[in-house]
Amino acid sequence: MTVEERPTKHRGGRRAWFTRVCVVVTVALFAVWTLWPLYWMAATSLKSPLEATRLDPTLWPHSFTFANFRALFTGTVPFGTYLFNSMFTALVSALVAVVVSTLCGYGFSRGGYRLTGVTSIAVLATQMLPLVVLIGPLYLLLLKAHLLNTYLGLIIGYTSFSVPFGAWMMKGFFDAMPREIEEAARVDGNGRLGVLFRVVVPLSVPGLVTTAVFVFMNTWNNLLYPLTLASTDSRQTLPAGLMQSFSGTFKTDWGGMMAAALITSLPLVIAFFAVQRFMVRGMTAGAFAGT
Amino acid sequence: MTVDAPVAADTARPPRRNSRRGEPWLDWMTLPALVILAVVIAYPIIRTVLTSFYDYPLFNPEHSFIGVRNYHRLASDTVFWQALRNTVVYTAASVLGAMLIGLTLALVTERLRGPWRVLRGALLTPWAVPVIVVGFLFRFMFDEQGGVVDAVLLRTHTTGTAVPWLTGGYWPMISVVIANIWSQAPFFLMVFTAALGAIPPEVVEAARIDRAGGWTLIRRIKLPYLRDAALVGTLLMVIQNFNNFPLIWTMTGGGPAYGTTTLVVYVYRLAFTSYDLGYSSTVGAVWLVLLLAVAVVFVRVLRRRSA
């Protein structure tokens with residue numbers, strides 16, 4: 001086998017130089033396009049209210065202050081409550097989704113009844129549903145069950161996107177897992193459920209974690225359900241709560257809004273970079289529910 | 001000991017004959033999920049379709065069957081057609097824009113070496129930013145009074161007067177699409193980066209030996225390899241944008257008037273600001289049928305790829 005000379009060595013000179021300049025300029029341009037809004041959010045959150053609402057905005061915070069962040073937890077907007085509600089419902093939803101969809105995904109992957117193909121395609125298709133079509137009947141259902149304005153009601157609502165997504169995703173993970181491992185464990189004298197919980201589940205921890213993180217992110221992002229299913233402040237989550245506070249009384253409190261936005265983003269950004277490696281696979285299993 | 005098909009033969013896909021060997025419990029495991037889906041998806045859909053034939057005020061127990069009158073109303077409802085047009089424009093512009101940017105970035109960042117790779121991670125960040133934050137952020141930046149975009153445009157004398165980003169003419173739709181592209185371009189960057197990584201290195205190497213320049217290499221070798229990724233990514237994003245609610249709702253609320261009202265926003269407005277659940281369900285039901293057509297295409301494509 002001959003080792004080819006690296007072709008880049010042939011192509012020195014002007015053309016390569018030109019390409020390199022193009023690359024650098026493009027990257028720089030898009031770096032500004034991507035990072036500027038993020039910078040602007042951070043910068044505004046650190047400005048005093050007076051500076052944040054100036055008609056002629058300053059490019060960096062002259063009046064460097066954390067007052068906006070402090071005001072979130074001491075002011076009239078119950079930001080702390082929203083934050084807790086978001087965190088709580090998202091975590092519980094992730095847990096529920098992981099348990100239910102592990103069972104379902106494993107059944108789809110290893111089971112054999114005739115309808116598996118049809119059912120699993122149907123489950124995939126439900127991910128394309130607009131949640132807004134479900135929300136009217138769901139609202140009436142929860143109204144009748146006296147579950148409006150409760151955590152349970154919200155979590156039930158969230159299962160309408162987390163379970164189909166999770167089931168499809170876990171099916172993918174189990175499909176990729178060689179069955180010989182299970183056969184071997186069976187031969188070693190494990191019962192059927194023993195195989196599942198002692199062998200299969202530990203091996204699919206990456207899949208479980210990824211599913212959980214995705215569901216967490218989707219739930220955290222969801223605006224439609226809390227907006228309709230929870231109208232009181234005590235059960236409102238961040239998206240709907242902020243939406244309502246900032247379209248009403250705090251319309252011009254840009255500093256406060258950006259501080260809230262920053263805190264709302266942090267958990268997702270952290271979660272995102274934690275599972276970035278699995279991202280593409282998760283997204284092709286079912287894109288983020290956009291609602 | 002159970003004897004399966006020869007091990008070498010089942011590399012393509014797992015054999016699915018377990019229940020024939022007496023393991024129905026595998027099928028029962030899907031039951032909890034299916035029960036949940038029956039309650040939170042199947043029931044609401046059926047109920048929506050039924051409600052579409054009723055006059056059904058949300059907070060009034062009195063509702064009456066009115067046959068297809070809601071559907072007649074829909075046919076002559078100019079807002080419905082406007083919303084449909086908005087949905088198509090919003091989706092097409094967003095997906096096209098995000099895909100082009102994502103593709104460019106994937107091709108360009110592929111050449112980054114060493115510590116510069118961190119930059120690609122940074123370019124992905126918008127994808128992790130919650131959609132409502134994107135909405136707030138761009139509403140703030142596009143604000144006519146103190147918004148940074150107009151301020152920069154005015155200060156550099158690019159425009160003489162402030163651009164009415166969120167209030168005038170076609171601008172609100174453009175603003176919403178810009179915000180959406182900002183938030184979704186990283187998706188395509190990820191998808192295309194993964195697809196570029198899957199191109200066999202020998203292919204690229206061979207083309208290089210044949211003295212294919214950078215541009216020819218991209219056009220003749222790389223782009224054809226990206227076609228599948230582009231297809232799946234586009235379909236996913238089309239469906240997602242069809243159903244996107246929070247971005248538009250936080251940025252413009254569907255306004256001014258119905259200027260940025262997509263079908264999803266229209267369904268929501270009808271049900272929860274006009275409390276007209278009957279007609280809202282009609283629009284929803286028609287929307288479902290349209291979506292079904294897209295979903296069928298999507299499943300077909302996925303199946304063809306996995307076959």
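Colleague: Fine. What kind of model is this, and how many helices and strands does chain A have?

Modeller: The model is predicted. Chain A has 14 helices and zero strands.

Colleague: How much of chain A is buried?

Modeller: Of the 291 residues in chain A, 47% are buried.

Colleague: And what share of the contacts in chain A joins residues 24 or more positions apart?

Modeller: Counting contacts with a separation of 6 or more, 78% are between residues 24 or more positions apart.

Colleague: Domains next. Where are the bounds in chain A?

Modeller: Domain 1 of chain A covers 7-70, and domain 2 of chain A covers 76-285. Their C-alpha centres are 33 Å apart. Ten residues from domain 1 and nine residues from domain 2 make the contact between them.

Colleague: Which elements supply the domain 1 side?

Modeller: α1, α2 (49-52) and α3 (67-74) of chain A each supply at least two residues of that side. α1(A) gives the most, with four residues. By class, the domain 1 side has five nonpolar, four polar and one charged residues.

Colleague: You mentioned α3(A). At what angle does α3(A) pack on α13(A)?

Modeller: The angle between α3(A) and helix α13 (residues 254-274) of chain A is about 80 degrees, and their axes are 9 Å apart. Angles of 65 to 115 degrees count as roughly perpendicular, so α3(A) is roughly perpendicular to α13(A).

Colleague: Which residues make that contact?

Modeller: From α3(A) they are N68(A), F69(A), A71(A) and L72(A), and from α13(A) they are G255(A), G256(A), A259(A) and A260(A). In the contact of α3(A) with α13(A), five residues are nonpolar, three are polar and none is charged.

Colleague: Another pair, then. How do α4(A) and α7(A) pack?

Modeller: Helix α4 (residues 79-110) of chain A meets helix α7 (residues 151-175) of chain A at an angle of about 40 degrees, with 6 Å between their axes. The two helices are therefore oblique to each other. The crossing of α4(A) past α7(A) is right-handed. The residues of the contact of α4(A) with α7(A) divide into 17 nonpolar, nine polar and three charged.

Colleague: Let me pick one residue. Where does S101(A) sit, and why does S101(A) count as buried or exposed?

Modeller: S101(A) is in helix α4 of chain A. It counts as buried because it has 32 C-beta neighbours inside 10 Å, and the cut-off for buried is 20 or more.

Colleague: What is S101(A) in contact with, apart from its neighbours in sequence?

Modeller: Leaving aside neighbours within four places in sequence, S101(A) is in contact with V163(A), G166(A), A167(A), M170(A), T211(A) and A33(B).

Colleague: And how far is S101(A) from K171(A)?

Modeller: The two are 70 residues apart in sequence, and their C-alpha atoms are 8.4 Å apart in space.

Colleague: A33(B) was in that list of contacts. How many residues of chain A are in contact with chain B?

Modeller: In chain A, 82 residues are in contact with 85 residues of chain B. Helix α1 (residues 13-45) of chain A provides the largest share of the chain A side, twelve residues.

Colleague: What classes of residue are on the chain A side?

Modeller: The side of chain A that touches chain B has 53 nonpolar, 21 polar and eight charged residues.

Definitions and conventions: Residues are numbered from 1 along each chain as its sequence is written. Chains are lettered from A and ligands numbered from 1 in the order in which they are written. This is a predicted model: local features need pLDDT of at least 70, side-chain atom pairs count only at pLDDT 80 or more; totals for chains, interfaces and linings use all residues. Axes are lines fitted to C-alpha atoms, for helices over the stretch in contact, and angles run from 0 to 180 degrees between N-to-C directions. Angles under 35 degrees count as roughly parallel, over 145 as roughly antiparallel, 65 to 115 as roughly perpendicular and the rest as oblique. A crossing is left-handed if the near helix is turned anticlockwise from the far one by less than a right angle, and right-handed if clockwise. Ala, Val, Leu, Ile, Met, Phe, Trp, Tyr, Cys and Pro count as nonpolar, Asp, Glu, Lys and Arg as charged, and the others, Gly among them, as polar. Two residues are in contact if their C-beta atoms, placed from the backbone, lie within 7 Å. Domain bounds come from an automatic or database domain assignment. A residue is buried if 20 or more other C-beta atoms lie within 10 Å of its own, exposed if 12 or fewer, and partly exposed in between; C-beta atoms are placed from the backbone.
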